[in-house]
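Thank you for making time for this at the group meeting.

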Amino acid sequence: LLRDEFAERGASVRLGAVRRLERFADFLPTRVVVDATDLAAASLLDELRAIRAAFPAAALDVLGFAPRRDEIELLERKSGLGAVRVVAKPFDVDFLTGAAF
């Protein structure tokens, strides 16, 4: 759904798993959207660090169900990952896709 929504708005979109980042070596996104199943999982920070290493200039949007204040603060301010925004599910698709790419 999100891939189609972004594409309809003119974005160049690729869909993939963190464990296969090498497939995107020729792709330099300005934004990466991550659908997280557990914002408190230690593995999420590792995955976000891998994404940041692969795409250092990209903004990161992390989608998570009912994020707690401490999860938002960790990911957005204390992780050292740079431009990260936590977006609470459910969210307005127009809000997410309407932000600058």
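Let us begin with R3, which is partly exposed, with a relative accessible area of 43%, and please keep in mind as we go that this is a predicted model. R3 forms a salt bridge with D4, and the closest N and O atoms of the two are 3.7 Å apart. D4 is partly exposed as well, since its relative accessible area is 41%, a value that lies between the 20% limit for buried and the 50% limit for exposed.

How many salt bridges does the model hold by this rule? The count comes to 11, and I would like to show you a few of them. One joins the side chains of D26 and R14, with a distance of 3.4 Å from N to O. Both D26 and R14 lie in the loop between α1, which covers 2–8, and β1, so the pair ties together parts that are 12 residues apart in sequence. If you look at how open the two partners are, D26 counts as exposed, at 59% relative accessibility, while R14, at 40%, counts as partly exposed.

Another salt bridge brings together the side chains of K78 and E73, here with 2.9 Å from N to O. K78 counts as exposed at 59% relative accessibility, and E73 counts as partly exposed at 29%. There is also a network of salt bridges, in which E5, R9 and D94 are linked.

Which residues have the most contacts inside the largest nonpolar core? They are L44, L48, I51, V62 and L75, and the core as a whole has 19 residues. At least two residues of this core come from each of β1 (31–35), α2 (42–54), β2 (59–65) and β3 (84–89), and α2 gives the most, with four residues.

Note on methods. Residues are numbered from 1 along each chain as its sequence is written. This is a predicted model: local features need pLDDT of at least 70, side-chain atom pairs count only at pLDDT 80 or more; totals for chains, interfaces and linings use all residues. Side-chain values use heavy atoms; hydrogens and water are left out. A nonpolar core is a set of buried Ala, Val, Leu, Ile, Met, Phe, Trp, Tyr and Cys residues joined through side-chain atoms within 4.5 Å. Buried means under 20% relative accessible area, exposed over 50%, partly exposed in between (1.4 Å probe, protein chains only). A salt bridge is a side-chain nitrogen of Lys or Arg within 4 Å of a carboxyl oxygen of Asp or Glu.
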